[in-house]
Every structure is written in structure tokens, then in C-alpha cells.
Amino acid sequence: MAPPAVDRAKVLAYRVASQQLHRADVDLHGMAVLDLGVQDTPYGSARLALAARTSRPPDRLPDRPADDPALTLLWSTRGAPHLHHTADLPALTTALWPLNDADATGRINTATIKDGARLGLAAFVQTARAFREAVREPMPKGEVSTAVSAMVDRSLTYDCEPCKARHISGALFQQAGLAGAVRLELAGSATMLVPLPDPPPIPAFAADVPRVVTAYLRLLGPATPAEAATFIGTAPTHLRRVWPDGLAEVTIDGRRAWLPEDRLPALRDPPPARVLRLLPPGDPYLQARDRHLLIPDAGRRSAVWRPVACPGALLVNGEIAGVWRSRMAGGRAVAFTVTPFDALAATVRRAVEEEAGRVAAARGADAARVTFGE
């Protein structure tokens with residue numbers, strides 16, 4: 001029997017619903033996206049992503065979601081800062097551990113530590129142990145980097161000309177932070193590393209990987225092994241060895257993809273994606289690795305996913321319809337510049353202004369000022 005076929009519109013509507021972008025009456029702990037983690041780059045984006053998914057007043061969210069002991073902000077997937085359920089950290093630590101030496105090498109194989117990357121898993125073990133030895137109390141990130149650099153094999157460090165010091169590779173440093181049992185805390189403009197109060201052991205081997213893959217497929221599927229692997233930061237050849245059971249194959253406009261079998265009914269008949277949201281940079285909706293499906297036009301894709309300083313995205317009925325940026329204005333107001341890809345109807349512009357007010361409230365501001373760019 002041929003796998004069921006769905007089109008792009010059904011997939012987008014499914015993802016909008018799966019990620020609760022219709023807004024449910026849920027608190028932080030009921031957010032489905034936390035099963036995968038919510039990226040917090042730049043800092044504060046995670047709070048805006050969560051505010052986009054609850055019908056509760058955004059000013060009732062904690063000023064810093066990570067202050068809730070049931071949530072933890074740390075380096076996780078691909079070494080990026082993510083907000084996670086604290087209870088998920090033991091399984092997450094083993095799920096994001098490299099699957100073998102070749103996988104470990106691939107994750108840290110940068111020009112600065114090509115020789116060190118060949119150490120494979122040993123590089124991760126050394127760095128995780130160094131974190132645990134160095135971070136016994138809250139410490140500035142720079143001080144931790146210096147301490148960890150001195151404890152690991154020299155081949156895992158490089159000479160930094162601007163500061164005349166030897167540093168551990170940033171890719172290894174941040175990807176080993178979870179196994180090193182440190183979380184992130186911002187103190188003013190400084191990033192502090194804080195020891196986890198109840199750290200899981202350094203993994204002896206990778207486990208629970210299917211759990212992360214299944215969460216990705218549930219929230220951002222249907223998807224391929226290559227797309228899930230890119231999200232995690234590994235290679236498809238490694239991920240296929242631990243590909244989860246209980247998946248259903250479908251075709252999206254003729255392309256094969258997978259999602260959890262129990263999600264097939266939701267994919268076949270999703271509710272209409274009639275929502276308008278100002279998604280922050282790094283929002284879970286934007287984390288899908290089939291970017292060509294999210295935004296078919298290459299020029300528009302490049303406007304959303306930039307090498308640095310990505311803007312937020314304007315979501316209109318499942319489609320990314322433009323980008324936005326904001327800054328604090330005079331008083332307690334946020335000034336938004338919204339640049340749509342196509343002209344917006346007057347009713348949509350009014351909805352954008354209303355949504356901007358909600359985003360401003362989530363940032364602790366009293367008012368929003370919206371300018372529409374060309």
C-alpha cells in the first residue's frame with residue numbers, strides 16, 4: 001500500500017497545531033515545544049516563543065522562565081542555549097551524547113582543532129570532567145573557559161591572537177556543557193555558568209536518542225532522517241542506526257517523510273492555521289530543517305535565516321509572510337519594524353499591531369509602536 005500523501009498546506013497547518021500556536025490555556029509546564037527545548041538566542045527569545053503559545057496574559061509569565069525550578073536554561077542541542085524541563089535533563093544528557101567516535105569527531109571537527117577532533121568521544125569525556133571539576137559555584141563563562149582549557153588535551157585548544165591566550169574550541173565547550181552539568185544564568189550582560197544541583201553522570205554511551213527524534217517528528221514533522229540529524233547536530237548515517245520505531249511514512253508533494261504513527265490523524269485533518277504571530281528569532285516553528293518547505297522562495301529564506309542577527313518572523317496563516325525587528329523606544333515602549341514580503345491587508349496590519357502589543361507586554365513594556373517597512 002502506498003504511503004498516504006499530504007501537501008505542503010496540510011504540513012504547515014499540522015505544525016501550527018502541534019506547536020500550540022493556536023494558543024491554548026496552558027502554563028509553562030504545558031508547553032509542547034519544551035519537549036524538544038526552546039532555543040534562547042538571543043537571550044529573551046524563549047520567553048517570547050512561550051508567550052506566543054499561551055492564551056494567558058503574557059505579563060504573567062515569569063520575567064525569566066529559567067527562574068522556575070521546573071525549567072532549566074543550558075547549552076543542549078548543537079551547543080545552543082535552550083530552555084528545557086528540568087526533569088528531562090538526565091535523558092537529554094544521554095540523548096545528545098555522540099553515538100560513537102566518528103560522530104563525536106564530526107560534531108567538533110573545526111579548522112581550529114582538527115587534530116583534537118580525532119580524539120572523538122574522549123574529547124567530550126575530558127571536557128565534561130573538566131566542567132565538573134572547575135564549576136563548583138557560579139562562575140563567569142570566560143573564567144570557566146580558561147579553567148577548562150587548562151584541564152583538557154592541548155589539541156582541543158587553540159591560540160587566540162586577540163586575547164593572547166589558549167582557548168578550548170567553542171564547539172566542544174558548548175556541546176559538552178550538558179554532560180558537564182552546568183546551566184546558564186545571565187547576570188547583567190555577563191553569562192554565568194552554574195553547577196546543576198543534581199547532575200546526572202557523564203554518559204557511558206548514547207541513549208534516549210529516539211526520544212529526541214520522536215519529539216522533533218511530532219512537532220516539526222513529517223521529516224526525513226537527514227533533517228532530524230541536522231537538527232540534533234549529527235549525521236544521517238549515525239542517526240539511522242537509532243531511528244525510532246512506531247513511525248508512519250507519508251509523502252509530501254511526492255517526497256518521503258516520517259512522523260509518529262499516532263499523529264497521522266492530526267496530519268490528515270489539522271485545524272485551519274488561521275493565526276497571526278510575531279515569532280522571535282530561533283522560535284521552534286523556525287527550527288524545521290526543511291526550510292524550503294517553510295519558505296519556497298530562496299530570497300525570502302535568506303531574509304529569515306541570516307548568518308548572524310536573525311530577525312523575527314511574521315507568521316500569517318501558517319506562512320512566513322515577512323520579518324520583524326524591535327528595539328526599546330522612549331519610556332516603556334517597544335518600537336517594531338515589520339517588513340512584509342507582500343502587501344498586507346488593513347485587517348492584517350491591525351492584527352500585527354495587536355500582536356506587537358502582546359510581544360511588548362511579554363518583554364515587560366507598556367506599549368508597542370509599529371512601523372511597516374518596504
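Leu 314 has Gly 322 in S14 as its bridge partner. The model is predicted: local features need pLDDT of at least 70, side-chain atom pairs count only at pLDDT 80 or more, and totals for chains, interfaces and linings use all residues. Residues are numbered from 1 along each chain as its sequence is written, and side-chain values use heavy atoms, with hydrogens and water left out.

**Sheet**

Strand S13 (residues 312-316) and strand S14 (residues 319-328) run antiparallel and are joined by 5 bridges. Strands (E, at least two residues) and helices (H or I, at least four) are DSSP runs numbered from the N terminus, and two strands pair if DSSP finds at least two bridges between them. An open sheet is formed by 5 strands in the order S12-S13-S14-S15-S16, with mixed pairing. Its edge strands, S12 (276-279) and S16 (367-372), each pair on one side only. From one strand to the next the twist averages 25 degrees. Helix H15 (residues 346-362) packs on this sheet and touches S12, S13, S14, S15 (333-340) and S16; the direction of H15 makes about 140 degrees with that of S16. Contact means heavy atoms within 4.5 Å. Axes are lines fitted to C-alpha atoms, for helices over the stretch in contact, and angles between N-to-C directions run from 0 to 180 degrees.

**Helix pair**

The axes of helix H1 (residues 8-18) and helix H9 (residues 209-220) cross at roughly 115 degrees and come within 7 Å. H1 and H9 are therefore roughly perpendicular to each other, a term that covers 65 to 115 degrees. Tyr 14, Arg 15 and Ser 18 of H1 meet Leu 217, Arg 218, Leu 219 and Leu 220 of H9.

**Salt bridges**

The whole structure holds 17 salt bridges, each a side-chain nitrogen of Lys or Arg within 4 Å of a carboxyl oxygen of Asp or Glu.

| Pair | N to O distance |
|---|---|
| Arg 255 and Glu 227 | 3.0 Å |
| Glu 249 and Arg 256 | 2.8 Å |
| Arg 300 and Asp 342 | 3.0 Å |

Arg 300 lies in helix H14 (residues 298-304) and Asp 342 in the loop between S15 and H15, 42 residues apart. Salt bridges that share partners join Arg 15, Glu 227, Arg 255 and Asp 290 into one network. Glu 227 is buried at 8% relative accessibility, whereas Arg 255 is partly exposed at 23%. Buried means under 20% relative accessible area, exposed over 50%, and partly exposed in between (1.4 Å probe, protein chains only).

Methods
Angles under 35 degrees count as roughly parallel, over 145 as roughly antiparallel, 65 to 115 as roughly perpendicular and the rest as oblique.
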